[in-house]
Amino acid sequence: VSGTDVIAQTIQMISTGQSLQPVAFEAVGAIGIVSLQLVCGCFLPLLFLAIALIAGSFVEQAHLRRLAEAEAAHADIIRTDTRAIPPQLASAEGASGANGLQSELVLSSVVLSIDHFRNFLTLLRKIIGGELGLYGRLAMRARREALVRLLAEARARGAVAVINIRFETSNINGVMQPQKNKGTMVEVLAYGTALRMRGPATVVHAGSPRPTSPPPPPPGPPPVAPA
Amino acid sequence: MIVVNTETVSGYEIVETKGLVQGNTIRAKHVGRDIAASFKNIVGGELKGYTELLTEARRQALERMMQQAQQLGANAVVNVRFTTSAITAGAAELYAYGTAVVVQAASHS
């Protein structure tokens, strides 16, 4: 017997003048069940979306702030997606011995997800089509983060430039969570070739922690930082 | 071993091309990490567990590639590329490939 049935029965009892005493408790219980159903059915999902919206905005804003700081901190590392050695380092390119350049592969990756509220909004947007700006912003944030990590990795190895940078974006949503296809996750991998000035003081062996002192200025003309 | 994703290595010259070398690994999701990630998924943001999982897996693919290069007698791998693909539901394949070469320090020109 569902809650609504009990209420209907109670109303019928009242209208027919039957004794209320035994059914009063039942009616109160039934109203309780109905309101609980209402809360679970409508209110909780809304609350859930609201929490996702607020927390999601907070997470995104905090991330954008951190990205801006990190990008400013790594602004001096030359980065390019061409294979050519940047002209600033051309003097060191051909030189062997202490003035040469040392190349090393660096890679970094990040997995980001979008909050459930924005995911829900995008689902609605998909119905009418057009640009899915929220997903676009997620992908760009992930790329910026991957690049910042790549530069940090290069800096930890004493590099002055990263060339031939490549980005790879993959949707691991269906891969990692095949059953519950809820959130949207994006993985961005960034990789490139880090160049560092060869020299006794700048050599950092692979696997060793970040050098305690910043690498000394390279011999010869110092690289010009990009504007 | 020198590993770069450019076609040449600065300060070195390629004296012999040994051939294509590759390494891959297929990883399934980790249950413990998956639970943590599904909570994080609600508010969005970075899913660190997955980032670590994929980074570790990619390093393994890279190591397998380098092992192959070593067997060929190469001392460097150039033009390295990565791809990620969904092989089957619940698992991702991470694949790295490049060209194994023998390099020697460039003489003064």
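This is a predicted model: local features need pLDDT of at least 70, side-chain atom pairs count only at pLDDT 80 or more; totals for chains, interfaces and linings use all residues.
Local features need pLDDT of at least 70 and side-chain atom pairs count only at pLDDT 80 or more, while totals for chains, interfaces and linings use all residues. Residues are numbered from 1 along each chain as its sequence is written, chains are lettered from A in the order in which they are written, and side-chain values use heavy atoms, with hydrogens and water left out.

In this interface, 40 residues of chain B are in contact with 46 residues of chain A (heavy atoms within 4.5 Å). Together the two chains bury about 3,500 Å², with 55% of that area on carbon and sulfur atoms; buried area is the accessible area (1.4 Å probe) lost on putting the two parts together, summed over both.

Turning to the charged pairs, the rule finds three salt bridges across the interface (a side-chain nitrogen of Lys or Arg within 4 Å of a carboxyl oxygen of Asp or Glu). A:R83 forms a salt bridge with B:E7, and their closest N and O atoms are 3.1 Å apart.

On the chain B side, strand 1 (2–3), helix 1 (31–43), strand 3 (45–46), helix 2 (48–71), strand 4 (76–88) and strand 5 (91–105) each supply at least two of the residues that touch chain A. Helices (H or I, at least four residues) and strands (E, at least two) are DSSP runs, numbered from the N terminus. Helix 2 of chain B gives the most to this side, with seven residues.

Strand pairing also links the chains: strand 2 (residues 101–113) of chain A runs antiparallel to strand 3 of chain B, joined by two bridges (pairing requires at least two DSSP bridges). Here A:S113 stands opposite B:G45.
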